[in-house]
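Colleague: Please take one part of this model and go through it closely, residue by residue. I would like the cut-offs stated as you go.

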Amino acid sequence: MALVSAKEMIDKAHAGHYAIPAFNTNNLEWTKSILAGIQEANSPSIIQVSEGAAKYMGGYKMVVDILTDLIDSMGITVPVALHLDHGTFDGAKKCIEVGFTSVMFDGSHFAIDENIAKSKEILELAHSKGISVECEVGGIGGTEDGVTSNGELADPAECKTIADLGVDFLAAGIGNIHGKYPANWAGLNFDRLAEIKAAINDKPIVLHGGSGIPFDQVHKAVTLGVSKVNINTELQLEFAAATRKYIEEGKDQEGKGYDPRKLLKPGFDAITAKVVELCKAYGSAGQA
Ligand code: G3H
Ligand code: ZN
């Protein structure tokens, strides 16, 4: 099946009150493990890549080629969108050229006027090619220099301004944080989420920093308009834990030489299992 735009699957999820998972990938096997999970769960899904991960994988075109070839060779039948995560202005333009079917332009660090101007240009370009667009208002909190902020809250008026440009889904801070949540995290701010939902005329909202948010909070967020949940850290943690266990048990020392197919298999299997679990938890399983 060819890559699809993320718009249709997210609009369907929005109407059906579930969320589409967006899994970050980092390499060939990571991509393969995610695809195995979404196929097993029969879940329409987004596979996304940061600019750094794309560079690591050999460039944007390589990411497109890896994903399309794997979809073909693995016989994947569920709808898959390839999305640029937290894209810069130039990065989003390049991805639009080489075959991504969805892009995020993250202009949240610009002053609102510049965010508007740049978002507009990306929207025109992407929409002329049937590519979906996510834009961001207000930053998403996280750990910087060892200091963890409690997550920013986007301004509903600014959300409306950006949403009205015609974005397909909007990323907005509602107390969510990238990376691990601290023990004293205040949780998602549902009052702010409801204000944003009202301000943007019920356009689908994206929840960044999905790793580790308790499922009951995700479910409540879905009832208030969240239709895409981003997951990166959780897959990394699963991979690291399974690989560490394999090594600590001395299994990497069995047999002759170093075989990445054996050493990395538990980690990749753990990614697949987590993908299936999250598709079920978000309600996207069985929706393909
Ligand atoms: O854009 C990517 C995500 O927001 C992932 O956040 O690493 O906390 O799961 P996470
Ligand atoms: Zn994010």
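Modeller: I start with His-178, which counts as partly exposed at 32% relative accessibility; here buried means under 20% relative accessible area, exposed over 50%, and partly exposed in between, with a 1.4 Å probe and protein chains only. This is a predicted model, in which local features need pLDDT of at least 70 and side-chain atom pairs count only at pLDDT 80 or more, while totals for chains, interfaces and linings use all residues. Residues are numbered from 1 along each chain as its sequence is written, chains are lettered from A and ligands numbered from 1 in the order in which they are written, and side-chain values use heavy atoms, with hydrogens and water left out.

His-178 (NE2) coordinates the zinc ion (ligand 2) together with His-86 (NE2) and His-208 (ND1), at 2.1 Å. Donors are N, O and S atoms within 2.8 Å of the metal (3.2 Å for Na, K and Ca); water is not among the atoms, so sites may look incomplete. Along the sequence, the donor residues of the zinc ion follow the spacing H-x91-H-x29-H. Like His-178, His-86 is partly exposed, with a relative accessible area of 24%.

A polar side-chain atom of His-178 is 3.0 Å from an oxygen atom of ligand 1, and an N or O atom in the His-208 side chain is 3.2 Å from an oxygen atom of ligand 1. A polar backbone atom of Gly-209 lies 2.8 Å from an oxygen atom of ligand 1. Taken alone, ligand 1 exposes 310 Å², of which the protein buries 96%; these areas come from the Shrake-Rupley method with a 1.4 Å probe, and for residues only the protein chains shown count as cover.

The shell around ligand 1 has 14 residues, the closest being Asp-85, Gly-179, Gly-209, Ser-211 and Thr-233; a residue is near a molecule or strand if one of its heavy atoms lies within 4 Å of it. The shell divides into two nonpolar residues, 11 polar and one charged. Ala, Val, Leu, Ile, Met, Phe, Trp, Tyr, Cys and Pro count as nonpolar, Asp, Glu, Lys and Arg as charged, and the others, Gly among them, as polar.

Terms used. A polar contact is a pair of N or O atoms within 3.5 Å; within protein, one must be able to donate a hydrogen and the other to accept it, and residues adjacent in sequence count only if both atoms are side-chain atoms.
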